[in-house]
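Dear colleague,

Please find below the structure I am handing over to you. My findings follow directly after it.

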Amino acid sequence: STGFCLVNNVALAARYALRRYPALIKRVLIFDWDIHHGQGTQEVFWKDSRVLFVSMHLFSKGFYPASGSAQEVGVGRGLGYTVNVALPQGYTDACLLCACQDVLVPAAERFRPDLLLVSAGFDAMDEDPLGEAKCTADGFARITRLLNGLARKLCGGRLLLALEGGYHEHALSSCLGLVAETLLHGDDTENFSSYAEKPLQASLKAIWETRLAHRSLPLQLLDGCTWSR
């Protein structure tokens, strides 16, 4: 880990699960929604096909850590198992939800993980002093419902969220409360079509670039594209 982290808890959890429970856990999906690219996690699993790393983060000039372009896809056995959605400044709930619908869901369904881990940073909140996005607690709760559904469908409900970034006390507490409530109640239905807000055009371009980068790689993310051009 680098930058804001001393220990990469999610990477350690993935390694531990693979080694401790080899008969049960053969593939792990790590989803990182923190506003900063998870470059440490990416490096750890850069050559590993057992771990699918999906990061949705702000990618703009001068914003730390200035990595995580759509073209960063892994190498060797890990080629195609690093998926980056490089979102624009000011991205919103709708941008994240659209990226989940058109990147995370098909990637997860094709990878078929046995465990789903989430790097759950909340510094993409509109109030956050370090982030440059406009997401809300409701948006993260919606994504959590989606993750509940994916975990139940693909890996027997094995879903673990690890708290990461978030530097505005009230915004962080709001997010934690709604996400925890969603997990405890077991909500797992998310209707994307009912969401009124439209994603930024720049975020649709970012999603397209991610899917295009993986068109010939194992997950073939260009297949079945659903977003409106």
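Leu-116 has Leu-159 in β5 as its bridge partner. The two strands concerned, β4 and β5, run parallel and are joined by five bridges. Please bear in mind that this is a predicted model.

Helix α1 (residues 9-20) packs on the sheet, where it touches β1 (28-32), β2, β4 and β5. The direction of α1 makes about 170° with that of β4.

The sheet itself is open and has five strands in the order β3-β2-β1-β4-β5, with parallel pairing. Because β3 and β5 (159-163) each have a single partner strand, they stand at the edges, and one side of each is left without a neighbour in the sheet. From one strand to the next, the twist averages 15°.

Turning to the charged side chains, the count comes to seven salt bridges. One of them links Arg-15 with Asp-48, with the closest N and O atoms 3.1 Å apart. Arg-15 lies in helix α1 and Asp-48 in the loop between α2 (39-44) and β2, so this pair ties together parts that are 33 residues apart in sequence. Asp-48 counts as buried because its relative accessibility is 10%, under the 20% limit. Arg-15, at 25%, counts as partly exposed.

A further salt bridge joins Glu-209 and Lys-205, whose closest N and O atoms are 2.5 Å apart. These two residues are four apart in helix α6, so about one helical turn separates them. Glu-209 is partly exposed, at 31% relative accessibility. Salt bridges that share partners also join Arg-15, Asp-48 and Arg-50 into one network.

Lys-134 and Asp-126 likewise meet through their side chains in a salt bridge, at 3.8 Å from N to O. Both residues are partly exposed: Lys-134 has a relative accessible area of 48%, and Asp-126 has a relative accessibility of 45%.

Finally, some backbone features deserve a note. Most residues other than glycine have a negative phi, and most peptide bonds are trans. Arg-112, although not a glycine, has a positive phi of about 60°. Arg-112 is placed in the loop between α3 (93-111) and β4 (115-120), and it is partly exposed at 40% relative accessibility. Gln-220 also has a positive phi, near 45°; this residue lies in the segment after α6 (201-213) and is partly exposed at 39%. A cis peptide bond, with omega about 0°, joins Tyr-64 and Pro-65. Pro-65 is found in the loop between β2 (51-58) and β3 (82-87).

With kind regards

Methods: Residues numbered from 1 in each chain as written. Predicted model: local features only at pLDDT ≥ 70, side-chain atom pairs only at ≥ 80, totals over all residues. Heavy atoms only, no water. Buried < 20%, exposed > 50% of the residue type's maximum accessible area, 1.4 Å probe, protein only. Pairing = 2+ DSSP bridges. Axes fitted to C-alpha atoms, helices over the stretch in contact; angles between N-to-C directions. Contact = heavy atoms within 4.5 Å. Salt bridge = Lys/Arg side-chain N within 4 Å of Asp/Glu carboxyl O.
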